[in-house]
Amino acid sequence: ALLNLKRENPALKHGGRGALMERLETSADDAVYAYLRDAGNHAVLVMLNLSGNEVSFTVDSLPDADFNNLFTGTSTNPSQFESFSLDAWGYKVLYR
């Protein structure tokens, strides 16, 4: 799934052809690393829990757009969530 996303989503292209990675601030920056690569109509939003504990957190500056969850296939608008939760060592990969 990740390799297909890399091949098919223009936001993940190499160098100047792709989007720059923008780190997103969270309310749990000590445990969560979140970033966005936005290339207009195509974007990838990644949230990683780098701790051995479940964590709930908020994310600043989320785009107001529909994204698909790479692993569940569900569609969601991340800007409409008040907070997120990730299991220990968990992750979310959203794309459009």
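I call a residue buried under 20% relative accessible area, exposed over 50%, and partly exposed in between, with a 1.4 Å probe and only protein chains as cover. By that scale Trp89 is exposed, at a relative accessible area of 57%.

**Ground rules.** I am reading a predicted model, where local features need pLDDT of at least 70, side-chain atom pairs count only at pLDDT 80 or more, and totals for chains, interfaces and linings use all residues. Residues are numbered from 1 along each chain as its sequence is written, and side-chain values use heavy atoms, without hydrogens or water.

**Sheet.** I looked up the strand order. Strands here are DSSP runs of E with at least two residues, numbered from the N terminus. Two of them pair if DSSP finds at least two bridges between them. I find an open sheet of six strands, in the order β1-β2-β3-β8-β5-β6, with antiparallel pairing. The edges are β1 (21-24) and β6 (75-76); each has a single partner strand, so one side of each is left without a neighbour in the sheet.

**Walking across the sheet.** I started from β1. Four bridges join β1 to β2. Met21 has Arg37 of β2 as its bridge partner, and Glu22 has Leu36. From β2 to β3 I count eight bridges, again antiparallel. Arg37 comes up here too: its partner in β3 is Val44. β2 and β3 form a hairpin with two residues between them, and Gly40 in the turn has a positive phi of about 75°.

Next I followed β3 (residues 42-49) to β8 (residues 91-95), which are joined by five bridges. On to β5 (residues 67-69), which has two bridges to β8. There Asn68 stands opposite Tyr95.

**Cores.** I then searched for nonpolar cores, meaning sets of buried Ala, Val, Leu, Ile, Met, Phe, Trp, Tyr and Cys residues joined through side-chain atoms within 4.5 Å. The largest has 18 residues, and those touching the most other members are Leu24, Leu45, Met47, Phe57, Val59 and Phe67. Elements giving two or more residues to this core are β2 (32-39), β3, β4 (55-57) and β7 (84-86). Apart from it lies another core, of seven residues, including Leu12, Tyr35, Val44 and Val46.

I listed the contacts of Phe67, taking contact as heavy atoms within 4.5 Å. Leaving out residues up to four places away in sequence, Phe67 touches Leu36, Ala43, Leu45, Thr74, Ser75, Thr76, Pro78, Leu94, Tyr95 and Arg96.

**Salt bridges.** My criterion is a side-chain nitrogen of Lys or Arg within 4 Å of a carboxyl oxygen of Asp or Glu. The whole structure holds two. One joins Asp29 and Arg23, with the closest N and O atoms 3.7 Å apart. Both ends are partly exposed: Asp29 has a relative accessible area of 35%, and Arg23 has 40%.

The other joins Asp38 and Arg96, at 3.2 Å from N to O. Asp38 lies in β2 and Arg96 in the segment after β8, so this pair ties together parts that are 58 residues apart in sequence. Asp38 is partly exposed, at 35% relative accessibility.

Which residues other than glycine have a positive phi? I noted Ser61, with phi near 60°, and Trp89, also near 60°. For context, most residues other than glycine have a negative phi. Ser61 is in the loop between β4 and β5, and is exposed, with a relative accessible area of 59%. Trp89 lies in the loop between β7 and β8.

What does Gly52 touch, not counting residues up to four places away in sequence? Ala88 and Trp89 are the answer. The C-alpha atoms of Gly52 and Trp89 are separated by 5.8 Å, although the two are 37 residues apart along the chain. Gly52 itself sits in the loop between β3 and β4, partly exposed at 46%.

**Surface.** Last, I checked Tyr91 of β8. Tyr91 counts as partly exposed, at 48% relative accessibility.
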